[in-house]
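Biologist: I would like a close look at a single part of this protein, taken slowly and with the numbers kept in view.

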Amino acid sequence: SMDLEDGDTLVFLGDSITHQCLYTQYVEDFFYTRFPGKRIRFHNADVGGAKAWDALERFDRDVAAYKPKYVTILLGMNDGRYQPFDAAIFETYHQDMIQVVDLIKACGAVPVLMTPTMFDARAARLGTRKHQPGKLEFYNSVLAYYGTWLREVAVSNGYGFVDMYGPLNNLTLAERKTDPEFTMIRDSVHPGAAGQIVMAFSIIEDMGLRKPLSNIRILHGEKGQVIARAAGGKVSDLKLTESGLEFSWMANGLPWVLPDEAQLGVDLLHLGHKASREALEIHVLPPGQYELTIDGESIGTFASSALARHIELQSQSKTPQYRQALQVALLNKERNAGPVRNLRGQWSNFQRFARARAQLKQNPANAQFAKQVEILKSKIDGMDEQVQQFERQAREIEDKIFEINQPMPHRYVLKRIADATSD
């Protein structure tokens, strides 16, 4: 399991699928809302088109310099070169990945190996782009092979492991029973927001972080008095009233709320119930219908029998907790779409330079390669200052996130609706 404390750093190392700044953003949202008392540092170390070799080229400044506690690795989609299995291509990936893992261990971090995501051959067939037949038939199997090898490495060495491939494949196949054209990967390679929340959930699940957010139970004690038993926060000032019940609730965290574009994935996963359950269970009310208000705002009307079974509030968009968590998610979306993406643009330039430099090293007499290296080198001059500037901008937005993600006390009131005689 992943044990991150205040001040620790988690680095996401990857290619264009990580460069989308989506699954990483959603994992950050989880930590910002579930653990608001911990200032965990996140660094996205991705570049579109990257192979494991590219990660090695930028490792010292883009990974080791952040002194990470954990480094998740999502590489392999480009390494397999979009063709049927080839032993020499796999051997290159195998050697480079072993080096990546060794460097992670050498900088004192725990490697978290993640399987490459699926290649959606059906989505590719439905698209207009021409593909090599062998790619459509075999490439998803190639990625499954790469992922199975990674699992062996992780299990044999005690590293972290996340299955990104299985959940995407399984959910896609399940949905295709009713919608044959369903996909979360429209271009066959890059999961959209729905697929990326599936990926984020896989990290939360496989790293042992999934559990309910909170549970409030109001019941009669041994002497008939009304008592509260709660997990994930504290109930205070509990009292029965002529028309129902009221109490104050101070939670330890906020629900895991995602931006609108991820809602399809949230629904497919039943994400709120699985990873962010806010349960309210009340056994002390006479039969009838009750209106729940939080801080004076009506949340809904519920039967006493439903309240006794328990209701779940994490997806109720009217609650102040939900609105607060959505603010966090939208600020973090701004952080990722702005300074984080800009920072990764700097590393995209570096990747082009590093590849050209490697070509020149193999062909030192090639004047065209030499010229290209000079042009690309000029594009990364002053890069470190740019990187630091974007890091500062990202931190400034994160400071705002930690100003608005702190849980606050809320007053819950359940009031019986007049003339409601049945339950």
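What volume does the largest pocket have?

Modeller: In this predicted model, the largest pocket has a volume of about 280 Å³. Its lining is made up of 19 residues, and those closest to the centre of the pocket are Arg41, Phe42, Arg335, Glu391 and Ala394. Strand S2 (41–46), helix H13 (320–362) and helix H15 (383–404) each contribute at least two residues to this lining, and H13 gives the most, with six residues. By residue class, the lining of the largest pocket divides into eight nonpolar, three polar and eight charged residues.

Within the model the count of aromatic pairs comes to 22. For Phe12 and Tyr23, the ring centres are 6.2 Å apart and the planes stand at 85 degrees, over the 60 degrees that the class requires, so this pair is edge-to-face. Because Phe12 lies in strand S1 (residues 9–14) and Tyr23 in helix H2 (residues 23–34), the pair ties together parts that are 11 residues apart in sequence. Phe12 is buried, with a relative accessible area of 0%, and Tyr23 likewise counts as buried at 0% relative accessibility.

Methods
Residues are numbered from 1 along each chain as its sequence is written. This is a predicted model: local features need pLDDT of at least 70, side-chain atom pairs count only at pLDDT 80 or more; totals for chains, interfaces and linings use all residues. Side-chain values use heavy atoms; hydrogens and water are left out. On a 1 Å grid over the protein atoms alone, a cavity is a set of points where a 1.4 Å probe fits but cannot get out, and a pocket is an open set with protein on both sides within 12 Å along at least five of seven lines; lining residues have an atom within 4 Å of a point. Grid points are joined across faces, edges and corners, and a volume is the space filled by probe spheres set on the points. Helices (H or I, at least four residues) and strands (E, at least two) are DSSP runs, numbered from the N terminus. Ala, Val, Leu, Ile, Met, Phe, Trp, Tyr, Cys and Pro count as nonpolar, Asp, Glu, Lys and Arg as charged, and the others, Gly among them, as polar. Rings of Phe, Tyr and Trp (its six-membered ring) pair if their centres lie within 6.5 Å; planes under 30 degrees apart count as stacked, over 60 as edge-to-face and the rest as tilted. Buried means under 20% relative accessible area, exposed over 50%, partly exposed in between (1.4 Å probe, protein chains only).
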